[in-house]
Amino acid sequence: MPAAASSTESVPATQFDSQSGRSAAIEVCGVQHFYGQGDARKQVLYDNNLIVRPGEIVIMTGQSGSGKTTLLTLIGTLRRVQEGELFVLGHPLHTASPPEINRLRRRLGFVFQAHNLFSSLTALQNVRMALELQPQRSSRAEENRRCQQMLEAVGLGDRVHYKPRGLSGGQKQRVAVARGLVHQPDILLADEPTAALDEASGRKVVTLFQEQARQRGTAIVIVTHDNRILDVADRIVKMDFGTIARDTRVSEASKIGEMLSGCSIFDGVTIRTMTQLADRMSVQQHSAGTRVIRQGDPGDTFYLIRDGQMEVRREPGEQWVAEIGPGDFFGETALLTGEPRNAHVDAKTDCVLYTLDAKSFQEAMNERASLDQEVRSTLFAD
Ligand SMILES: Nc1ncnc2c1ncn2[C@@H]1O[C@H](COP(=O)(O)OP(=O)(O)OP(=O)(O)O)[C@@H](O)[C@H]1O
Ligand SMILES: [Mg+2]
């Protein structure tokens, strides 16, 4: 088995990308950004890396001024990439010519805070603008039908012929949402799309986003502070002082949580600690035939099997001890006793493992011990 097929590099477990073989809709590599010139030049983005797959909904949060809009406008081709590489739908923005960028821009949809509606046009005509920029046009009747349908989907079926001055802030925002989606973009970039909306309208908008992602594979990045819409996120990315401080794949975080709470060894550990553990876990991939733990080696890692089957063998003679699979854990004995590994553990099939360093594991065990103590003394006091 080629050793290269095993990856022991440390990737945070909550970022594990089980679709890493698929193409990316957006790929941000080492992107930095500066505003101003000379003495006034100020760095606002530092070494950002992000991959968004088709059909994925990424919610980006972070305090004001952390660089969310800047990153979104770079992805949206509305700003020039200064440093680093940025691929959108497979095209390198950092080297693309202006005509290439124009062609690419038609495949993107935008919903920005300043919704930029044309005041002399009706809601329907504003939405039509997005279709008029497309290279492939349909009949006027067909285009109007699509615009009408999109306005109905955002709850504005009775406002299609109103001009912006006759619409509330939230209604204008929804016209902008319809305009951002009507041409069926491959990527939708939205900056606070629900900020001006009440609960019901906000829900309509994110449901529409979800349909586009599921049915058309639209990759969607939503910058928001609105925690009412967090449930639609496949990923939650947090920006802090110009960098992505956290990037959590929601399904992966819940899978880890579920697996950890199924581990008998963590019985009695609080949910809070469990969440912290999930955050500290990394992921390793091993190909079939790899020896993950060697008997006699010192132990510094706890392992939990995400996918695959493993075999435990013991010296002398590499005697077969057990086969373990998803949800099973190993490596805890050496961490608890301080003794060397007491068995070999081999990947029988290709495996994906969650790992935890000795210190984090020990902290969880200490908490469990103190909880155990507390339960005993409470029972005793009663
Ligand atoms: N056109 C500009 N010229 C100079 N500095 C800018 C410009 N736009 C943004 N900045 C600065 O860049 C930093 C990042 O701004 P950005 O708008 O990306 O933040 P944000 O995370 O979107 O914030 P908010 O949540 O308030 O919208 C801030 O310090 C901001 O002051
Ligand atoms: Mg912003």
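Colleague: Which residues of helix H7 are buried?

Modeller: A residue counts as buried with 20 or more other C-beta atoms, placed from the backbone, within 10 Å of its own, as exposed with 12 or fewer, and as partly exposed in between. In H7, Glu-252, Ala-253, Ile-256, Met-259 and Leu-260 are buried. They sit on the same side of H7 because they cover an arc of only 130° around the axis (taken from the directions from axis to C-beta atoms).

Modeller: Keep in mind that this is a predicted model: local features need pLDDT of at least 70, side-chain atom pairs count only at pLDDT 80 or more, and totals for chains, interfaces and linings use all residues. Residues are numbered from 1 along each chain as its sequence is written, while chains are lettered from A and ligands numbered from 1 in the order written.

Colleague: What does the face turned away from the buried side of H7 carry?

Modeller: That face has the exposed residues Ser-254, Glu-258 and Ser-261.

Colleague: And what do the buried residues of H7 pack against?

Modeller: Contact needs C-beta atoms within 7 Å. Here the partners are helix H8 (271-280) and strands E11 (243-249), E14 (301-307) and E19 (351-357). Helices (H or I, at least four residues) and strands (E, at least two) are DSSP runs, numbered from the N terminus.

Colleague: Which residues does His-344 touch?

Modeller: Leaving out residues up to four places away in sequence, His-344 touches Arg-291, Ile-293, Arg-294, Gln-295, Arg-313 and Glu-318.

Definitions and conventions. Contact = placed C-beta atoms within 7 Å.
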